[in-house]
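Biologist: I would like to learn how to read a model of this kind, one feature at a time. Could you give me the general idea for each feature and then the case at hand?

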Amino acid sequence: MPLMPPPATPRLPRPREGRRRFGGLFAALVALALPAFAIADTAAVVTDHARPGFAAFATAAEALAAVDSCAPDDLRPAFQAAWDAWTGVAHLSLGPAEDGGRGLAVLFWPDPKGAGWKAQRALLAAGPADLTPETMAGLSVAARGLPALERLLYPAEPLAADPCPLIRATARDMARTAQDLARDWQGFGDLLLSAGQPGNTRFLSPAEATQALFTQLVSGLESLADRRIGRPLGSFDKPRPDLAEARAAGRSQRNILLSLIALRDLAQKLSPDSPQTLAAFDRAIALAETLHDPDLSGIAQPAGRLKLDILQQAVRATRDSAIAEIGPALGVGLGFNALDGD
Amino acid sequence: MRRRAFLATLAAALTPRLTWADVGSPVFLAAGKRDEDHFLHGLSAAGESLFRIPLPARGHAAAAHPTLAEAVAFARRPGTFALVIDCATGAVRHRLTPPDGMQFNGHGAYSGDGSLLMTSEVVAETSEGRIGLWDTARYTRLTDWPSHGIGPHEIRRLSDGRLAVANGGIRTDPVDRRKLNLPDMRPNLALLSEDGALLDRIDLPDLRQNSIRHLALSGDSIAFAMQWEGDPSEPVPQLGLWTPGSPPRLCPPPEAEAFAMQGYAGSVAATRDRILVTSPRGGALMLFDAKGRHIATHHRADLCGAASTQGTFTVTDGSGAVWTAEDRGLSPLSRADTRWDNHLVALG
């Protein structure tokens, strides 16, 4: 959900600097006169969160593509590591990941109509001749990336044909996408860092870059609560563990946990002085750690479902804290038109 | 009526009605918010504000008189008032109130000669759609017609006088806008004759939760933009094209961009060979050719207002920027401390 800055307000130096330079009384008077927005640490997000995160995913995806075996047991550790790495950056959907749907090509989930498996079955039936990198890049995004590999490495039923060529092609394709993402975050990061400077038409002011990153934090938490947790949670009468993400790979709980850790890191880098939000994150992380339900099968039982329900509430409370605490601190609010609905 | 108010009204009535040229020939109207205040602005082609007129509350869309410097500003849904504004003086010439039990629904359209104003309305209790008809000489209510659907939103007059009505299909709570019928909503696009008779109507049997809400004219076709109320994980198109007499055609984007709009279109505009749809939720706009083939997607937070003039698209966002949108990208035209509201209305 896009967010927007409030009407322009004269910006102050960081309050701490103000105090140091002018003494307490002056700073207090200034603080009374004007709302003092903390300056978001866009640089920390770009250089210590986003770029290293995408670089780590590129490394992990390359390591998976380099495994010289098609035995699932040989591939699974590298596959799990690649999914771990993706979860560190999956919430950064703006910029390189939205160009050409590359984020979807890494993780197309949910896939309620099973489009990915349909396309993969056709590829398996057609044989290896068609599996060039170009073919893979032109495939439905539903048939690419992590869930596509999961279906081949943790098949629900015995595969009708040798999956080896498709596994290799899919892993190679994902490694290429990962490399493109890491490369493009150099330039995109520069745009975030040069927000408001002449020639930067992507971000017309530093506040817009802040707003964009704050948006990623809030929408990441919403997506976690509504989809990754919300879809399997279903209703009280009808929990849907079968809809959990990465169930076959046994990492549904892990994805929730790692998402929270990644989003906490984003929040902390963006606005380090956010005690309420970080405490809300810590509570949600503790709940996610103690689910003891790797593929969420346990939610079929009321006690298990209740634990996930409580976790969902904790994630939503974290979102609310971020909006209430980080938004005003950085001088950004929720989107004027995006929230209006019409 | 108190004496002063009476004299003010008399003065307003006696003021000559000026044309758009008299107010600096604005090209667009847009509502916006600055600090806590709401205004209706006239914008130049370069996106600069030529005048601004205070509004009592958040505006939604406006309809511009074809010749006189006069516009109707509609409140957000559910609207209990619309203001006829003299764009030369800023005076509110008339305050329109729907009949008892009715609400304005955000949009309106003038007849070609400006003698009539049509307003999209609902019966508050049921969201049954009506088209209100007003005589613009003194903005008196003439009658209303059925809109032939639930929850009409945007209405567009075709050049031959027929009226296209986007019946969004959503029954809403008359007070808090809560949506009441999402599981069995059934939007439609209706075409009315100049005197309000139903000429044709289409719906989308396979996409009944795709609310048809905004309209633009593209040659002989009506471009309609939709908002998805179903499972957000289902990729659905936000744009359709209907040439009356033929079945509607849906215009899906490429699969990799199927979620770029987050199922939500905020505005639609058309030039001779392009159609543009904005999504404030997705922070994106998409360009299609006149046959509905996807051409490009551009990203920008909170984009919503969109209009075309002389073959060029102009879009506005909630951060105060006005942009030109072309196939190759967005170029900034102007930036102000006004958060531009949902719609940009082209004059003329």
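Predicted model: local features only at pLDDT ≥ 70, side-chain atom pairs only at ≥ 80, totals over all residues.

Biologist: How many residues of domain 1 of chain A are in contact with domain 2 of chain A, and which helices supply them?

Modeller: On the side of domain 1 of chain A there are 20 residues, in contact with 22 residues of domain 2 of chain A. Helix H3 (42-65) and helix H4 (72-87) of chain A each supply at least two residues of that side of domain 1. Sorted by class, the side of domain 1 of chain A that touches domain 2 has 11 nonpolar, 6 polar and 3 charged residues.

Biologist: What can be said of H13 of chain A itself, and where does H13(A) bend?

Modeller: Helix H13 (residues 302-330) of chain A has 29 residues and reaches 41 Å from its first C-alpha to its last, close to the expected 42 Å. H13(A) bends by about 25° at Ala322(A), and after H13(A) comes Gly331(A), with a positive phi near 75°.

Biologist: How many helices and strands does chain B have, and how does its radius of gyration stand against the globule rule?

Modeller: Chain B has 1 helix and 28 strands. Its radius of gyration is 19 Å, close to the 20 Å that the globule rule gives for 348 residues, so chain B is as compact as a globular protein of that length. Buried residues make up 55% of the 348 residues in chain B, and the C-alpha atoms of chain B fill a box of roughly 65 × 40 × 35 Å along the principal axes.

Biologist: Which elements of chain B touch chain A?

Modeller: The contact takes 29 residues from chain B and 28 residues from chain A. Strand E27 (329-335) and strand E28 (339-346) of chain B are the elements that give two or more residues to the side of chain B that touches chain A, and E27(B) gives the most, with 4 residues. That side of chain B divides into 8 nonpolar, 10 polar and 11 charged residues.

Biologist: Finally, how should I read backbone angles?

Modeller: Most residues other than glycine have a negative phi, and most peptide bonds are trans. Here, the peptide bond from Trp109(A) to Pro110(A) is cis, with omega near -5°, and Pro110(A) is in the loop between helix H5 (102-106) and helix H6 (115-126) of chain A. In chain B, Ser127(B) has a positive phi of about 65° and lies in the loop between strand E9 (116-123) and strand E10 (128-135).

Biologist: Is Ser127(B) buried or exposed?

Modeller: Ser127(B) counts as buried, because it has 25 C-beta neighbours inside 10 Å. His148(B), which lies in strand E11 (residues 140-150) of chain B, has a positive phi near 65° and is partly exposed, with 19 other C-beta atoms within 10 Å.

Terms used:
Residues numbered from 1 in each chain as written. Chains lettered and ligands numbered in written order. Contact = placed C-beta atoms within 7 Å. Nonpolar A, V, L, I, M, F, W, Y, C, P; charged D, E, K, R; others polar. Rg over C-alpha atoms; globule rule 2.2 N^0.38 Å. Buried ≥ 20, exposed ≤ 12 C-beta atoms within 10 Å, placed from the backbone. Expected span 1.5 Å × (residues − 1). Bend = angle between axes of the 7 residues up to and from the residue.
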